[in-house]
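Please work through the exercises below with the sequence and the model side by side. Each task sentence is followed by a solution that goes step by step.

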Amino acid sequence: MNRIFSGMQPTRQLHLGNYLGALRNWVRLQHDYEAIFCVVDMHAITIDHDPEVLRSNIREVAAAYIAAGIDPEKNILFNQSAVAGHAELNWILACHTPLGWLNRMTQFKEKAGKQKDNAVLGLYAYPVLMAADILLYKATHVPVGEDQKQHLELARDIAGAFNRYYKREDYFPLPEPQILGEATRVMSLRDGTKKMSKSDESEYSRINLTDDADTIALKIRKAKTDPEPLPSVVEGLEGRAEAANLVTIYGALSDQTKAQVLADYGGQQFSAFKGALADLAVAKLSPIAGEMNRLLGDRAELDRILQKGAERAGAIAEKTVNEVKDIVGLVRF
Ligand code: TYM
């Protein structure tokens, strides 16, 4: 059996990178797999947060999933903290994760910065909770953007370590990353060498899923470029990170390869291309923002969906936690 698990953190607003690198692929994959989509709210408290903002972000991310096309009836959609098994399995897996493995995680190093001693344990242990998320459902496939590749390799290593330790070679499947499409790593609009990220202090670095048409157009107009016209072939994008990023985004939004985009726009100035890109982005993103607003207007319905999702997820999780407790040698009643 193939089962997908994936999730997003409800920290700030979802952006174009989250959409093109992950969410849009989930929408496409949901028909071919049994799928579980999670709002990973426990991951979101590994960094500074405001409780009121977090509460509203959790519902906003759930609304974004549905607005982008995730069917909450066919798939399981819920928030992580509503299923206790994530925290339970997290602890057990933590007891099978050598510190050396965590020390290699580049995202911790980036997020903790120079203040490593002040960084919290939760931020350091974050990839173990992520492994627990996936293994709790024995997911076989995990669709994510490229930045999650290292965390997924760790999840596979932890699964293997558990299986070997208890001599249960096939207990946890080793989850396969699915890093799909043209835009697996969308870059900042202000700096083509930096990933588009929720935590970038510049609002102009990213397009949020809830930005209105004027804001999208303004951000694209202000996006950093170079003085040369667009090249006619993909090789011409080499060394031109900002140009490559805009062409990648255009390709992903229009379901074309970069080569196809350049066949149409090669030789043109950025001003013309940016106009076309803004129109395309507005056409693709505005309906999602509109639907998100509609869903957020009916909080009771959204909560009903999350609660039902948590019940369905909880049933699968409970079975795994019980099996794991038995394997580990814990006594349950
Ligand atoms: P998060 O919340 O940072 O991002 C959610 C998803 O969006 C992708 N993504 C991007 N893709 C392309 N370009 C970008 N600039 C970009 N920025 C983000 C991410 O790769 C991700 O797929 N640790 C995860 C959340 C998580 C998770 C899990 C994911 C927790 N448990 C279990 C999968 C399975 C994270 O922080 O994603």
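**Exercise 1. List the residues that V186 touches, leaving out those up to four places away in sequence, and describe the setting of V186.**

Step 1. V186 touches L16, G17, L20, K195, M196, N245 and I249, when residues up to four places away in sequence are not counted, and contact here means heavy atoms within 4.5 Å. Before going on, note that this is a predicted model, in which local features need pLDDT of at least 70 and side-chain atom pairs count only at pLDDT 80 or more, whereas totals for chains, interfaces and linings use all residues. Residues are numbered from 1 along each chain as its sequence is written, and side-chain values use heavy atoms, with hydrogens and water left out.

Step 2. V186 is placed in the loop between β5 (176-178) and α9, where helices (H or I, at least four residues) and strands (E, at least two) are DSSP runs numbered from the N terminus.

Step 3. With a relative accessible area of 5%, V186 is buried; the term buried stands for under 20% relative accessible area, exposed for over 50%, and partly exposed for what lies in between, using a 1.4 Å probe and protein chains only.

Step 4. The C-alpha atoms of V186 and E146 are separated by 9.4 Å, and these two residues are 40 apart along the chain.

**Exercise 2. Describe how α1 packs against α10 and against α3.**

Step 1. Two packed helices are described by the angle between their axes and the distance between the axes. The axes are lines fitted to C-alpha atoms, for helices over the stretch in contact, and the angles run from 0 to 180 degrees between N-to-C directions.

Step 2. The axes of α1 and helix α10 (residues 241-254) cross at roughly 45° and come within 11 Å. The two helices α1 and α10 are therefore oblique to each other, given that angles under 35 degrees count as roughly parallel, over 145 as roughly antiparallel, 65 to 115 as roughly perpendicular and the rest as oblique.

Step 3. In passing α10, α1 makes a left-handed crossing; a crossing is left-handed if the near helix is turned anticlockwise from the far one by less than a right angle, and right-handed if clockwise. Here L16, L20 and R24 in α1 meet I249, A252 and L253 in α10.

Step 4. Helix α1 (residues 16-29) packs with helix α3 (residues 51-68) at an angle of about 60°, and their axes are 9 Å apart. That angle makes α1 oblique to α3.

Step 5. The crossing in which α1 passes α3 is right-handed. Y19, L23, W26 and V27 of α1 make the contact with A64, Y65 and A68 of α3.

**Exercise 3. Which residues have the most contacts inside the largest nonpolar core, and from which domains is this core drawn?**

Step 1. The largest nonpolar core has 64 residues, and L20, L23, Y65 and F273 have the most contacts inside it. Such a core is a set of buried Ala, Val, Leu, Ile, Met, Phe, Trp, Tyr and Cys residues joined through side-chain atoms within 4.5 Å.

Step 2. Helix α12 (residues 270-296) supplies the largest share of this core, twelve residues.

Step 3. At least three residues of this core come from each of domain 1 (3-184 + 298-328) and domain 2 (203-294), with domain bounds that come from an automatic or database domain assignment.

Step 4. A second, separate core of 45 residues includes I92, L154, A155 and V324.

**Exercise 4. How many residues of domain 1 are in contact with domain 2?**

Step 1. The C-alpha centres of domain 1 and domain 2 lie 30 Å apart.

Step 2. In domain 1, 18 residues are in contact with 18 residues of domain 2.
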